[in-house]
Amino acid sequence: MPGLPSLLLSALLLLTAGWPAAARAHVHGEARLEIGLAGNTLELRLEVPQEALLGFERAPQSAAEREAWRLLQARLANPAAVFSLPAAADCQVANGPDPEHLRPLSAGDGHRDLILAYRWHCRQPERLRALDSQLFSEFPRLQRIRVDFAGPNGQKSGRLSARQARFTW
């Protein structure tokens, strides 16, 4: 039986599933982040074009591209290298993306996206009111992240950018 955080994230995904296709289109330089907070569990789902992270949307071909792909997988597998949370919330990583899911997924039109899921358990979730992204400093091709949040006090949407890498709720 799924836990409340998984149900909350699933509900968020269902709410956004009906949005027009243009709102969900693959856009170079733009990622999508869905955040669900329930009880002491924070769940994130990040969907990002491979091009924004590596500069290409195909399988790595050269030795340099294969090495870049390997380094990207290692970086994304470490949640602390991707997002940071307020220390006062005392959050511990419950799990990061399964290495098997750190593979490019074809959007069916030649575009490739990565879809990653992260989960934390927080001892002081009431102090969890923001999230910072390190993605912009690591990946200059990434220009913005569209954010949808659902938590105990409601829903919120926003955008992150290199100038505004913090999302608050």
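Aspartate 90 lies in the loop between strand E3 (83-84) and E4. The model is predicted. Phi of aspartate 90 is near 50°. This is a positive value in a residue other than glycine. With a relative accessible area of 27%, aspartate 90 is partly exposed. Partly exposed covers the range between the limit for buried, under 20%, and the limit for exposed, over 50%.

Strand E4 spans residues 91-95 and contains alanine 94. Alanine 94 has 36% relative accessibility, and therefore counts as partly exposed. Leaving aside residues up to four places away in sequence, alanine 94 touches Arg119, Trp120 and His121. Cysteine 122 is 28 residues from alanine 94 in sequence. In space, the two C-alpha atoms are 9.5 Å apart.

Strand E3 also takes part in a sheet. This open sheet has three strands, in the order E3-E7-E10, and the pairing is antiparallel. Its edge strands are E3 and strand E10 (166-168), each of which pairs on one side only. E3 and E7 run antiparallel and are joined by two bridges. Serine 84 stands opposite aspartate 132 in E7. Strand E7 (residues 130-133) pairs with E10 over three bridges, again in the antiparallel sense. Across this pair, alanine 130 stands opposite threonine 168 in E10. Leucine 131 stands opposite phenylalanine 167 in E10. Ala130 and Asp132 point one way from E7. Leu131 and Ser133 point the other way. All four residues named here are buried.

Strand E1 (residues 30-38) is buried along its length: nine of its nine residues count as buried, so E1 is largely enclosed by the rest of the structure. Glu30, Arg32, Glu34, Gly36 and Ala38 point one way from E1. Ala31, Leu33, Ile35 and Leu37 point the other way.

E1 pairs with strand E8 and with strand E2. Strand E8 (residues 144-151) runs parallel to E1, and seven bridges join the two. In E8, aspartate 148 is the bridge partner of glutamate 34. Strand E2 (residues 41-49) pairs with E1 in the antiparallel sense, over seven bridges. Here the bridge partner of glycine 36 is glutamate 43 in E2. E1 and E2 form a hairpin with two residues between the strands. In this hairpin, glycine 39 takes a positive phi near 60°.

Helix H3 comprises 14 residues, 63-76. At 1.5 Å a residue, H3 should span 20 Å. The end C-alpha atoms are 20 Å apart, which agrees with that expectation. The buried residues of H3 are Glu65, Trp69, Leu72 and Leu76. They cover an arc of only 65° around the axis, so they lie on the same side of H3. Ala63 and Ala64 are exposed on the other side of H3.

Over the whole chain, the secondary structure comes to five helices and 10 strands. The chain has 169 residues, of which 40% count as buried. Among contacts between residues at least 6 apart in sequence, 64% join residues at least 24 apart. The chain exposes about 8,900 Å². Carbon and sulfur atoms supply 52% of this area.

The mean pLDDT of the chain is 84. A value of 70 or more is reached by 77% of the residues. Over residues 11-23, pLDDT stays under 50. For this segment the model has 17 contacts beyond four places in sequence. Where pLDDT is low, the predicted coordinates should not be read in detail.

Key:
Residues are numbered from 1 along each chain as its sequence is written. This is a predicted model: local features need pLDDT of at least 70, side-chain atom pairs count only at pLDDT 80 or more; totals for chains, interfaces and linings use all residues. Side-chain values use heavy atoms; hydrogens and water are left out. The expected span of a helix is 1.5 Å times one less than its number of residues. Buried means under 20% relative accessible area, exposed over 50%, partly exposed in between (1.4 Å probe, protein chains only). The arc is that of the directions from the helix axis to the C-beta atoms. Contact means heavy atoms within 4.5 Å. Accessible areas come from the Shrake-Rupley method with a 1.4 Å probe; for residues, only the protein chains shown count as cover. pLDDT is the predictor's confidence in each residue, from 0 to 100. Two strands pair if DSSP finds at least two bridges between them.
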